[in-house]
Structures are given as C-alpha cells and as structure tokens.
Amino acid sequence: ARTFNLALIPGDGIGPEVVAEAVKVLDAVTAGSDVEFAKTHFSLGAGRYLETGDVLTDDDLAAISGHDVILLGAVGGVPGDPRLKGANIERGLLLKLRFALDHYVNLRPTTIYPGVPSPLAAHGEVDFVVVREGTEGPYVGNGGSIRAGTPHEIANEVSVNTAYGVERVVRDAFARASARRKKLTLVHKTNVLTFSGGLWQRVVNEVATEFPEVAVDYLHVDAATIFLVTDPARFDVIVTDNLFGDILTDLAGAISGGIGLAASGNINPDGTFPSMFEPVHGSAPDIAGQQKADPTAAILSVALLLDHLGLAAQAVRVREAVVADIAARDGSPRTTEQIGDAIVATIAAPALETSH
Ligand code: NAD
Ligand code: IPM
Ligand code: MN
C-alpha cells in the first residue's frame, strides 16, 4: 500500500463543513485500493486564535511541513470583528503557509460544466486556468503607515516582483499552456504600473522563445474582467500576479456557476515542500453552520490534490462524479452533506458493479 500523509486544516466558518465532505470523497475514491491517506487534523484559524492567542506556531508549521500534502477549508473570521486585529489570521496563517512552503504556483482552474446555471447566456466551451503567482506582489507585507492615525498619515504597500519569482511562475504557466490548448495570456497593468511592462512582459517574451508552439497575448487586468464575462472561451492559461489573480479568480468562480465550485492548488512544483489544496472561497460567515455551503469547490480541490500526487485515475473519478452531480441539479436546495453524499454515491457505484 502507498500511504500519503495528509495534513487537514478545516479552519473556520464553512471550512469544516466542506472539508468533511471532501474527506468523505477522498475516502470513497481510495476505498479498497492500495492508496491510503494518513490524516492529521490541525486546529487552526480564527477560532483557535480567539481561544488560545495562537495563529500558527513554529511547531504547527514544522508538523505541517512534514506532511506530503495539505487540504485546507477556509480560515478567517467575520470581516471587521474587532477581536481579530486587522489581517492577522489571513497573513499569519494562510499567507505564512503559502510563503513558508514556497507555493509559487497558485493554480485556479475554471470550467463551465454542462448544465451549470452560469450567469453567462452564451459562452461556448469554457475551460481555462489562472496561474496566479503565490509568493510575491503586494502580498509580501512590504508596507505600513507612518504618522498613523493623524491627518498626515502616509500609508504604502510596495509590490515586490523579483526576476527569479516572475520567471519561475511564467515558465510553469507556459508549460501548462503547452500541455493544453497552447495559448497564454499575460494579465497585468502595463499602462500604469511602471515595472510590469518591463519585468513581467520581458520575462514572458523571453520564456516564449522556449515554447514557440504557445500563442501569447496580453490584456490589462481591467479589460480581462470584461472578457471573462463576455468571452471567457477565449482563455486557456492566464498568468498574473498575486493580487490580480486573487480578484480574477473570484470573478471566474462567479461566471462558472458560483464560488462554491471553484477549486485551487497552492503548488510548490519543485516538491521541496508540501503543496496545499483549498477552495477559492473563504469561511463565509454569512452561511456558516447552516449546511448551506456547496462543498464542490473543496471536493474539486481534492481532485487537484490527487492529480498532484500522480493519482490521475482517482482524480478523474472525482471529477466525473462532480460533473454528474452538477448536471443533475434542478435548483432544489440541498445541504452540504447531501451534495457530498450524492458525489460519494456516484464514486462508490462503479466499484460495486465491477466487484460483483
Ligand atoms: P467568502 O468567500 O467567505 O464569501 C463570499 C460570499 O460567497 C458569501 O456570500 C458566501 O456565503 C459565499 N460563499 C462562499 N463559499 C461558498 C460556498 N462553498 N457555497 C456557497 N456560497 C459560498 O468571502 P468573504 O466574505 O470576503 O470572507 C470571509 C472570511 O474568509 C474573511 O475572514 C476572509 O479573509 C476569509 N477568506 C479566507 C480564504 C481562505 O481561507 N482561503 C479565502 C477567502 C476569504
Ligand atoms: C484567497 C483569499 C486569500 C488571498 C486571503 C484570505 C489572504 O482571498 O485564497 O483567494 O487573498 O489570497
Ligand atoms: Mn480570494
């Protein structure tokens, strides 16, 4: 038997609800096979912080780093909760994991599945991935305020972009485009940001010479939001910086039938550190604890996790079960658990047939 060590971080709000269903699916797709997941639960997030004052201890980080792979639900409390100082959970936990584990490829695929109630009237076949840089940009924390709280306050946040960091994520995006429909779109803001027409565009031009089969184009981020709504079928691979990628992928989730369907992987392609898979959405305090969350994003994140571990056949079974579930939706409300159970039932069914 092949055993993978899985770190589970259910987190806050709907995180534990969707992770419970994702784990059921993982168990179903590995049941009776030679693949096994040994799971360790980590209690982390706003809940743990409010109880103990810990965000992510060195021991937590070391223990998580020792795993093969990570599945995270969502972390973060109610936005604006005065007991949570600023961005301490998001920065001190989620971003700390992404940075410490060098998750420089934040992979966020979008597919409009058959039968999905997408707000787009006519969209053709939509299947693209956003390769969002995960360790740099305005996210690094290179900012602050002086004369804070006075009428003379000066606040700034400097976007950090290194040639090394841009090149490695751009090369990864080209490789993915080469294995797909061979189109890469750089999304940035070269008309305003002084470095992006330099560093980002130059690196794309240079790496393009190694991938002559990939067609390259460029969109300003504002225009990219137009085409995501009016012509999303034009996209194959989008490569972009950390902040633009964050914003574009919530929009991509919304156009593809809802943020409850959008999966992601925080990938360390070098394999030096464990990669981390999580839905694109957050802890959704507005629906938490009510079994209203769609667990599909977490379940599709399990498919990305399986792909990452080289378990392609299992990933396909998860995706096929999700596609079947989405196609069968008729608009009547289901609980988080009912959606998980329906997907598990589809996964379990063919295995029963073949064993008889
Ligand atoms: P959110 O994604 O949690 O919620 C936005 C909207 O989408 C809400 O109306 C919510 O009900 C809905 N939604 C989200 N997931 C859903 C699902 N699976 N099924 C159905 N509806 C769903 O974004 P927010 O409200 O801006 O953030 C809430 C908290 O989550 C904040 O603390 C934020 O920092 C944090 N957050 C964490 C992550 C993460 O852990 N990866 C990601 C985004 C936001
Ligand atoms: C996401 C989230 C995070 C991000 C926040 C919570 C730090 O919005 O995973 O998309 O901005 O990356
Ligand atoms: Mn986001």
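## Helix packing and ligand shells

In this predicted model, Ala 163, Val 166, Glu 167, Val 170, Arg 171 and Phe 174 of H5 touch Leu 199, Trp 200, Val 203, Val 204 and Val 207 of H6, where contact means backbone-placed C-beta atoms within 7 Å. Helices here are DSSP runs (H or I, at least four residues) numbered from the N terminus. Local features need pLDDT of at least 70 and side-chain atom pairs count only at pLDDT 80 or more, while totals for chains, interfaces and linings use all residues. Residues are numbered from 1 along each chain as its sequence is written, and chains are lettered from A and ligands numbered from 1 in the order in which they are written.

**H5 against H6**
- The axes of H5 (residues 163-178) and H6 (residues 196-208) come within 9 Å and cross at roughly 45 degrees, with axes being lines fitted to C-alpha atoms over the stretch in contact and angles running from 0 to 180 degrees between N-to-C directions.
- That makes H5 oblique to H6, since angles under 35 degrees are roughly parallel, over 145 roughly antiparallel, 65 to 115 roughly perpendicular and the rest oblique.

**Ligand 2**
- Gly 76, Glu 90, Leu 94, Leu 95, Asp 246, Val 280 and Gly 282 surround ligand 2 (C-beta, placed from the backbone, within 6 Å).
- Helix H4 (residues 88-100) gives the largest share of that shell, 3 residues.

**Ligand 1**
- The shell of ligand 1 splits into 12 nonpolar, 6 polar and 4 charged residues.

Definitions and conventions
Helix = DSSP H or I, 4+ residues; strand = E, 2+ residues; numbered from the N terminus. Nonpolar A, V, L, I, M, F, W, Y, C, P; charged D, E, K, R; others polar. Contact = placed C-beta atoms within 7 Å.
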